Amino acid sequence: MEGSPRILPAGDQAILIEFGLEINPAINRLVQAFARNADQHRIPGIGELIPSYCTLLIYYDPFLLSFSQVEQWARSLFGSNLLEAKISPEVKEIPVVYGGLYGPDIEFVARHNQITAEEVVQLHTRETYLVYVVGFSPGFAAMGTVPSKIRTPRLQTPRIKVPAGSVGIGGIQTGIYAVESPGGWQLIGRTPLTLFDLKRNPPAYFQAGDYARFYPISEEEFEKRRIQESEVIIKNHCKMFN
Amino acid sequence: MRAFEVLNPGVFTTIQDLGRPGYMKYGIPASGIADRFSGQVANLLVGNPPGAALLEVTLFRLELLALNDLVIAVTGGNLSPTVNRDPLPMWQALPIQKGDRVAFRARKKGFRAYLTVQGGFSGQEFLGSRSVFVRGLMGTPLQAGNILEFEDPEGKSIPQGNFPQEMIPSFSILNPLRVILGPQEERFSPKGIETFLTSEYRVSSQSDRMGYRLEGLAIEHLQGADIISEPISRGAIQVPGDGLPIILLWDAQVSGGYVKIANVITADLDRLAQIMPGQSLRFQSATLEEAHLAWRMEILRFERIKRAIEGHG
């Protein structure tokens, strides 16, 4: 597969590049690197670039470019030294209060893997995760891969409302819901950080290609951080009207 | 300045402009006017830039009270608009007075109408656009009692020309929607592709600006309906396990994990926007060249109309 990704039309204004067919950090880094490279070598008519696990969608303006011109442009970029493109070294540290009302599924995850809730926390905070994709809902960050001892299938019936900041496990991935939305991941905790804020640009805290690490905090600490975060939001909001 | 008070918000009315492209990589769809042709023509008729913020009116019952003397235009589907109970002439600029009532009474043709005001609606911008995107917490549909503000047109005159009435779209549902097959058409059996291209699908009542769910014959997969989630382009037709297609539209999620059999061509999206739940549609396969030619014709048609309205026709 590597060396010759497939390029397919996705309608009449976008192409889809398939770099592989699995969720795997190496393939995802390739997608990220290619997207950065393509962004730096845009030609007129190239629009949004939307990376995912192993695919990249590129919008184009058919008034300026034909499919084969876009394809040719993309192919010319495969040759360049992709993997030498800069990889964001920043690791974002995410405070999380685990269990209880904040992570109602932590006991299920523990039982499913025949370990204790404390061990779930230990294992979840042990790894540094690559953010594969942002955007199942606004700002949602899907990352992986979680240690095998905490992998858990999604809920049979998704919840109608998952609170913003919820940290979940979905199969081999972990992820954070940035805004309140429906969702089927097993919730193990919640972060007080505001991960989606329309007053910020970009509005999403995470970008695909970021790295993240979680650390446990207490309930008191969570509530304190939440208040601080809301003060910042209110302050930004007031700035807009002054 | 105050344009209208909302007396009745109607079934679903939102402020829309040309949307917010550029944020899909953060999970935010572009949103924006569903029937772009009708919406942009409404703006041109009152001398606004084509992408000024306007009201997208769905079906009926919207009722507005003018709080100022205004110049408005209504285009799109015919939802029997009235001013003070008299029929409101569509597809032209129309001065109305403070105290006038504008209402949308019954659907005759199409599904969405566009109401614009000279100067354009103001209202809050989110990430550079006033398009309401409810799931992303960017605004809400109109509610009774809302006051809609607009930008003072400052004595600007309305354009001299006219909209050529023979160019009013027919909103006919007889012609099939053209699609480009793929990107996963190989995940369907030949019989599945044939079902998709030859049978009739009814737009389900569970359809909205995110997508149109279709009811009809199930489309046969070859090896299941799941793929690793990938980005979704506007107009993509995904087919989940039950075999019933869903067309993903303006406010759709940016990423999805079901196989996609085809994608509606851009030139046919405006027409799709005017098909309402309960109506039926068909698909027809097109080549990329045909799709690009159709899009080019759309752009040229719009330019011609723009010149006619501006009076250089």
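The structure is a predicted model, in which local features need pLDDT of at least 70, side-chain atom pairs count only at pLDDT 80 or more, and totals for chains, interfaces and linings use all residues. Residues are numbered from 1 along each chain as its sequence is written, chains are lettered from A in the order in which they are written, and side-chain values use heavy atoms, with hydrogens and water left out.

**Interface between chains A and B**

- Chain B and chain A bury about 3,300 Å² between them, with 64% of it on carbon and sulfur atoms; buried area is the accessible area (1.4 Å probe) that two parts lose on being put together, summed over both.
- Of the area that chain B buries against chain A, 20% comes from Tyr26(B), Ile228(B) and Pro231(B), more than from any other three residues.
- Chain A contributes 42 residues to the contact and chain B 39, where contact means heavy atoms within 4.5 Å.
- The two chains share 1 salt bridge, defined as a side-chain nitrogen of Lys or Arg within 4 Å of a carboxyl oxygen of Asp or Glu.
- Arg6(A) forms a salt bridge with Glu186(B), and their closest N and O atoms are 3.0 Å apart.

**Helix 4 of chain B**

- Helix 4 of chain B (residues 288–310) has 23 residues and spans 33 Å from first to last C-alpha, close to the 33 Å expected at 1.5 Å a residue; the expected span is 1.5 Å times one less than the number of residues.
- Helices (H or I, at least four residues) and strands (E, at least two) are DSSP runs, numbered from the N terminus.
- Its buried residues include Leu288(B), Glu298(B), Arg301(B) and Ile309(B); buried means under 20% relative accessible area, exposed over 50%, and partly exposed in between (1.4 Å probe, protein chains only).
- The buried residues of this helix pack against strand 1 (6–9), strand 4 (55–60) and helix 2 (67–78) of chain A, and against helix 1 (36–45), strand 12 (177–181) and helix 3 (269–273) of chain B.
- Gly311(B) follows the helix and has a positive phi, near 90 degrees.

**Aromatic contacts**

- Over all chains there are 18 aromatic pairs; rings of Phe, Tyr and Trp (its six-membered ring) pair if their centres lie within 6.5 Å, and planes under 30 degrees apart count as stacked, over 60 as edge-to-face and the rest as tilted.
- Phe37(B) and Trp91(B) have ring centres 6.4 Å apart and planes at 40 degrees, so this pair is tilted.
- Phe37(B) is in helix 1 of chain B and Trp91(B) in the loop between strand 7 (86–87) and strand 8 (94–96) of chain B, so the pair ties together parts 54 residues apart in sequence.
- Phe37(B) is buried, with a relative accessible area of 4%.
- The charged end of Arg301(B) sits over the ring of Phe37(B), 4.0 Å from its centre; this requires NZ of Lys or CZ of Arg within 6 Å of the ring centre and within 35 degrees of the ring normal.
- One aromatic cluster is formed by Tyr53(A), Tyr132(A), Phe136(A), Phe140(A), Tyr177(A) and Trp185(A).

**Ser52(A)**

- Ser52(A) lies in the loop between strand 3 (46–51) and strand 4 of chain A and is buried, with a relative accessible area of 1%.
- Leaving out residues up to four places away in sequence, Ser52(A) touches residues that include Tyr132(A), Ser229(B), Pro231(B) and Ser255(B).
- Ser52(A) and Ala208(A) are 156 residues apart in sequence, with their C-alpha atoms 8.0 Å apart in space.
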